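Thanks for coming. Please have a look at the sequence and the model on the screen, and then we will go through some of the contacts.

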Amino acid sequence: MKVPFNKQSLFSILIISICVLTAWSSILQIPFLNDDFQILSFHHPHTFLDCFSPFWNKDISGIYWRPLSNIFHSLIIFLFGYSAVPFRAVSLLLYVTLSISLFRFIKIIGIESKISTIITILFSILTTHELALMWIAGNGDVLVSIFILNAATFYFKYLNGQKTAVYYYFIFFILSILSKESAYSAVLLPLAFFLLETKPNKNVKTMIYSISISILLILISLIYRYSNNLGNPFQSYSQSTFISIENVKNFIGYILLSFFSAHSLELFSSFYNSTLFFISFLCLSVVLLFFFFKFLKKNGIISNKNFWFGLGWFIIFIVPACAFLKRWYVLSASLGLFIALSAFISDLTALYVKKYFKIYLVLLFLIFSFIIYQNFLLIEKWKYCGQKTNFALNSLISLKINTPKLTVWAAPDKIEDVNSMKIGLQQAVEWFCKNKNIDVFSPVRTELFENFKFKIYKKSDSEFFISLINGRFIPEYSTKINTLKIFNFEKSTKDYQFYISSFYDNSILLSNLNISIEPLNSSMTYIYFDGNEFRRLPIK
């Protein structure tokens, strides 16, 4: 089936592009922050050929091998230098391309242009995609999603008579697995298409051939990786393959993250971590799903193959990630939910809302405007966090740190829910201190909320007390208490001891940190974050 791209399609693409740029173009003002410095410190292309070194060099993680994503970073640095604006502009351009690719795929599987446009705009402006745009590492998720969508588009064309399209399918599949390992799940897309096909003479051989070639391409890439010591992609996956309550929780969490930002779900998460609440929520969901599918069956929507294909897409890409709950795993998988949503809305429109379509368009305009407004507020938070982060890191220069080791107390993990130095603190310190040989330790981090305030008290030459209003101290790498606002935590090592106490006082979150550093290490510099900049601890 060939769907022509006429003037209406070009107009839809123009509208989608305008919506994306309206919603996200102010990201151009966001400076580097979080693990952006990790990427900057990793890539140092001196020649054009150096930009392609990710093909034969290990990734910064030591585990992954994502040459195409890393080549993008190298090329930006080579062409424009170490400036945030070109990185943000490329993120914006890639995201526009992803949105157009989604529109193209939804339209080509038979959804009318109006519905395809509306669903694509909804996808493209959702606040939950902030990491894909404002996090340099998020480019990899956008890139792999673009390639998977285009691979699916050409495979659909191949199934509908365009024999040469299968070559483009394999080309885009290769590009996807060179962008991120999550693309490995795409080997099952031919199976999903096979189930989608309604023709009586479905070709099983075509499906088996396509899956076999795709698996072979993955094996070739893995052999190349292993033979050149370029990392084991399975090293980061959970060792457990059994279905657990956590896997089910994470699966539901990914559905929610496909539509809602992590910030809006934070209140829900405190209840979600309760087993009793989760079981109650699960039972309620099953009941609602029962009535939902009853409604689908009654109105004939349950026979819509595109709807089930979209759900299959989501399952294929999200199940391998269910051992964890990480925001960046959801982008490629969520495309399936929007494909299913487009099929559902298409049938629903034909049944109920066609007569009042213009009224619904006005309502959609108001909803979309509200979402875009929320994006503006979110981007302002990112800008504020970036400015605070860079101001603090610049203060390191005046400290003139000349010891081989550095301990940073109360380094900001998050500022107003935006990652500040949560990842990449080591590389950020190296970057601003111009010292690649310094070892950075950060036993206690902070999460800072609106109107936060720090106070530090010196109890002795080696003991200090820091109080934090509207924020909390958290121990590094202690994920078990990261969702708790109120807790006590104590840790003792041969070099230091600390005690954290967090509590509410008249609805204001207070957090106290007691530090004892003994014995003092002459090869170590001790500093702390005071809410604005880094300062030396007053140790004698």
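Which residue in β9 is the bridge partner of L468? Before the reply, some ground rules. This is a predicted model, in which local features need pLDDT of at least 70 and side-chain atom pairs count only at pLDDT 80 or more, while totals for chains, interfaces and linings use all residues. Residues are numbered from 1 along each chain as its sequence is written, and side-chain values use heavy atoms, with hydrogens and water left out. Helices (H or I, at least four residues) and strands (E, at least two) are DSSP runs, numbered from the N terminus.

Now the reply: L468 has S511 as its bridge partner in β9. A second pair of opposite residues is I469 and, in β9, L510. The strands concerned are β6, residues 463-475, and β9, residues 508-517, and they pair in the antiparallel sense over 7 bridges. Two strands are said to pair if DSSP finds at least two bridges between them.

Strand β6 also pairs with β5, residues 444-458, again antiparallel, over 11 bridges. V444 has P475 in β6 as its bridge partner. With 4 residues between them, β5 and β6 form a hairpin.

These strands belong to an open sheet of 7 strands, with mixed pairing and the order β3-β2-β5-β6-β9-β8-β7. At its edges are β3 (418-419) and β7 (487-492), each of which pairs on one side only.

There is also an open sheet of 4 strands, in the order β4-β1-β10-β11, and its pairing is mixed. The edges here are β4 (439-441) and β11 (534-536); each has a single partner strand, so one side of each is left without a neighbour in the sheet. On average, neighbouring strands of this sheet are turned by 30° against each other, direction ignored. Inside this order, β1 (residues 405-409) and β10 (residues 524-529) pair in the parallel sense over 5 bridges. V408 stands opposite I527 in β10.

On to the helices. Axes are lines fitted to C-alpha atoms, for helices over the stretch in contact, and angles run from 0 to 180 degrees between N-to-C directions. Angles under 35 degrees count as roughly parallel, over 145 as roughly antiparallel, 65 to 115 as roughly perpendicular and the rest as oblique.

Take α7 (residues 139-159) and α8 (residues 165-177): their axes come within 8 Å and cross at roughly 165°. That angle makes α7 roughly antiparallel to α8. The crossing is left-handed, meaning that the near helix is turned anticlockwise from the far one by less than a right angle; clockwise would be right-handed. Residues in contact (heavy atoms within 4.5 Å) include F147, F154 and Y158 of α7 and Y169, F172 and F173 of α8. By class, this contact has 14 nonpolar, 2 polar and 1 charged residues. Here Ala, Val, Leu, Ile, Met, Phe, Trp, Tyr, Cys and Pro count as nonpolar, Asp, Glu, Lys and Arg as charged, and the others, Gly among them, as polar.

Next, α9 (residues 189-196) and α10 (residues 204-227) have axes that come within 8 Å and cross at roughly 165°. That makes α9 roughly antiparallel to α10. This crossing is right-handed. P190, L191 and F194 of α9 meet V204, M207, S210 and I211 of α10. The classes are 6 nonpolar, 1 polar and no charged residues.

How do α11 and α14 cross, left-handed or right-handed? Their crossing is right-handed. The axes of α11 (residues 245-257) and α14 (residues 305-318) come within 12 Å and cross at roughly 125°, which makes α11 oblique to α14. F251, Y254 and I255 of α11 make the contact with F314, I315 and I318 of α14. Its residues are 6 nonpolar, with no polar and no charged ones.

Last, the aromatic rings. Rings of Phe, Tyr and Trp (its six-membered ring) pair if their centres lie within 6.5 Å; planes under 30 degrees apart count as stacked, over 60 as edge-to-face and the rest as tilted. By this rule there are 40 aromatic pairs. One of them is F37 with F432: the ring centres are 5.4 Å apart and the planes at 70°, so the pair is edge-to-face. F37 lies in α2 (residues 36-42) and F432 in α17 (residues 425-433), so the pair ties together parts that are 395 residues apart in sequence.
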